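Here are some brief notes for your review. They take one side chain, then the ligand site, then a residue that belongs to that site.

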Amino acid sequence: MKNVIKLPVFLIASLLFGLKTYIVYRFLFDLKLENTLQEFILFLNPFATSILLFSIAVLMKPQRQKKYIKIMMISATLLLYFNLVYYRNFTDFITFSVFLQVNNASDLGSSILTLIKFWDVLLFLDVFLVFYLLKKREDSIVFYPLRKKLQVVGFSLTLLFANLFLAEMERPMLFLRGFDREYLVKYVGLFNYHIYDAFMHSKTRVQKVMADESELVEIEDYVQDHIDYDEHSDLEGVARGKNIIYISAESVQSFVLNRTINGQEITPFLNDLIEESYYFENFYHQTNLGKTSDSEFLIEAGLYPLPNGPVFMTHPHNEYHAVPEIIKDYGYYSAVFHANNKSFWNRDVMYESLGYDHFYSKRYYNVHEDNIIGWGLNDKVFFEQSIKYLQSIPEPYYVKFITLTNHFPFELDEKDANIDQYDSNSNTLNHYFPTVRYTDEAIQQFFELLKQSGIYEDSIIIIYGDHYGISEYHNKAMGQFLGKEITPYDNVQLQRVPLIIHIPGHEGKKFDKIAGQIDLKPTMLHLLGMEYDQDIRFGTNLFSEDRKPFVALRNGDFITDEYVFTENICYDRLTGAEVEMSNCEPFEEQVLQELQHSDNLIYGDLLRFYNFDDQEK
Ligand code: GP9
Ligand code: MN
């Protein structure tokens with residue numbers, strides 16, 4: 001013990017503060033640890049950060065050193081403690097915008113006293129100890145020669161990089177995608193998370209401040225010239241006053257529909273349902289890094305997701321004029337049902353911007369070991385437990401159910417699997433089919449529940465696939481399954497996901513026209529009879545004859561009535577044969593221009609300048 005006390009104070013402070021942080025992460029926050037590597041990273045990251053934080057002291061003059069260690073000890077402890085108090089109330093971490101009061105959610109109000117525990121005082125013990133040592137010990141500070149200084153700082157930087165490397169290895173694209181604040185804290189620690197969050201926040205702020213109203217004019221002109229079509233159809237207003245129920249079918253791609261494995265249908269329910277629904281067989285997902293959240297954004301905001309990060313994470317405070325917000329004026333109540341952490345994809349914050357009234361997240365569900373499959377609550381129980389909430393909300397409503405079971409890596413116990421796995425060199429593809437079937441069965445059961453509870457007749461149910469489940473990495477196995485070699489053309493065609501619009505009482509109709517997730521906003525408003533003379537949007541109503549002539553994917557690939565463009569090659573859409581580039585060229589520039597306009601709208605938060613009230617009919 002004596003030897004420990006003899007260590008330089010910056011090192012004692014590093015170790016004590018690192019240990020304290022670890023204890024808070026491990027026992028006071030509820031961070032899910034799924035494997036030993038995650039356990040290890042969680043142990044490493046508090047020390048990596050703490051050692052770097054305090055070892056900087058060795059670069060300073062003696063008096064400065066003392067002051068620096070004291071200030072760091074107090075401020076880092078307070079930061080940790082404020083997060084703990086906040087976490088006890090919100091099960092989330094403080095964000096920079098909460099800190100700046102951008103969001104009212106920061107108001108802990110009168111509950112603050114209930115969040116402070118007597119024994120919290122223990123979290124300050126190390127601060128007192130370090131202060132004591134700095135005061136009492138003659139040799140509490142160090143004077144290292146330059147070489148040793150560099151060694152100390154070099155060592156701490158190495159630790160930090162090792163931490164970042166392991167984090168990125170365990171969760172690829174952690175910094176690009178952000179995922180969830182919990183992930184960031186778990187993998188790189190609270191302090192690095194705050195630096196990351198502050199950086200992202202400042203970047204968006206600067207872009208927003210630089211933007212001005214005039215940028216909107218060019219975009220308005222573009223929309224008027226290229227997107228405003230005559231959008232009338234027989235179905236206009238058919239959904240007026242009815243409940244709208246969206247089902248986001250996790251990772252379900254179109255290629256599974258009407259196909260079999262060992263003679264067994266993969267999606268028997270959806271196959272039957274499309275016979276009695278409006279079904280779009282050439283409907284493409286347009287998502288990017290934000291996966292499910294990007295699909296939600298496309299469908300509700302009617303804009304493209306961003307090229308370099310999930311817009312739910314990067315621009316949650318923008319003005320969007322999304323569907324839930326629009327229909328509020330028409331007396332609709334809106335809610336999302338999804339049994340995952342509310343902060344995943346920053347949904348709790350973003351849903352407010354989209355205008356949602358309520359989010360039934362994981363805490364509304366009874367989730368335990370026996371009803372979890374893969375990522376969380378299994379889809380069947382998810383729907384079962386949701387029905388009571390659905391029955392309790394005011395009608396008419398606009399709701400979205402986000403399924404989860406068919407999520408990579410598609411794990412399913414044998415007892416839950418009702419069709420065979422596939423047999424190929426890709427376990428991912430092999431496992432995919434039974435989980436797709438599981439979601440198909442869950443949706444079937446949900447339809448039964450809707451019928452039993454009398455909701456079905458007054459509702460319109462829209463099922464869509466959020467994004468691909470099987471990436472190009474599995475092309476060899478995919479080729480085996482589809483019985484053909486996968487070309488770049490097929491890669492694009494594999495981005496098709498189901499879109500089923502089920503209106504009870506309507507006969508089924510199959511559409512082969514090209515369609516994208518971005519078209520759902522105008523389509524939904526059309527069905528609801530809430531059209532606009534003018535709106536800033538990049539999709540067109542799927543039921544009108546007169547439509548925008550292309551579907552743009554986020555990477556600049558596009559599909560037209562006749563062609564598919566990818567990897568600088570133009571293909572015939574129906575045959576997949578390569579054709580002259582001159583066929584695709586007329587669209588190329590417009591696609592890029594449209595994506596750019598959408599990005600600029602988001603970066604500059606330009607919709608805050610648009611007066612939507614004047615545009616409504
Ligand atoms: C997580 C769920 C799945 O809440 O939406 O997310 P994904 O990885 O598909 O974007
Ligand atoms: Mn998804």
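1. Start with Gln38. Setting aside residues up to four places away in sequence, Gln38 touches Lys32, Leu33, Glu170, Lys186 and Tyr187. Bear in mind that the model is predicted.

2. Where does Gln38 sit? Gln38 is found in helix H3, which spans residues 36–55. Gln38 has 1% relative accessibility. The cut-off for buried is under 20%, so Gln38 counts as buried.

3. The side chain of Gln38 has polar partners. One is the side chain of Glu170, with a polar contact of 2.8 Å. Glu170 is also among the residues that Gln38 touches.

4. Now the ligand. Which residues are around ligand 1? They are Glu250, Lys291, Thr292, His338, Asn340, Phe344, Trp345, Arg347, Trp375, Leu404, His407 and His467. By class, this shell has 4 nonpolar, 5 polar and 3 charged residues.

5. Side chains of the shell reach oxygen atoms of ligand 1. For Thr292, a side-chain N or O atom is 2.6 Å from a ligand oxygen. For Asn340, the corresponding distance from a side-chain N or O atom to an oxygen of ligand 1 is 2.7 Å. For His407, a polar side-chain atom lies 2.8 Å from an oxygen of ligand 1. Taken alone, ligand 1 exposes 300 Å², and the protein buries 97% of that.

6. The UniProt annotation "binding site", from an unreviewed entry, covers His407. In the model, His407 is one of the residues around ligand 1. Please keep the record and the model apart when citing this residue.

7. Is His407 buried or exposed? His407 is found in the loop between strand E9 (397–402) and helix H18 (427–452). Its relative accessibility is 17%. Buried means under 20%, so His407 counts as buried.

8. What does His407 touch? Leaving out residues up to four places away in sequence, His407 touches Glu250, Ser251 and Trp375. Its side chain is joined to that of Trp375 by a polar contact of 3.2 Å. Glu250 and Trp375 are also among the residues around ligand 1.

Note on methods
Residues numbered from 1 in each chain as written. Chains lettered and ligands numbered in written order. Predicted model: local features only at pLDDT ≥ 70, side-chain atom pairs only at ≥ 80, totals over all residues. Heavy atoms only, no water. Near = heavy atom within 4 Å. Polar contact = N/O pair within 3.5 Å; in protein donor to acceptor, adjacent residues only side chain to side chain. Areas by Shrake-Rupley, 256 points an atom, 1.4 Å probe, with all protein chains shown as cover. Nonpolar A, V, L, I, M, F, W, Y, C, P; charged D, E, K, R; others polar. Helix = DSSP H or I, 4+ residues; strand = E, 2+ residues; numbered from the N terminus. Buried < 20%, exposed > 50% of the residue type's maximum accessible area, 1.4 Å probe, protein only. Contact = heavy atoms within 4.5 Å. UniProt positions renumbered as here; feature names shortened; annotations may be inferred.
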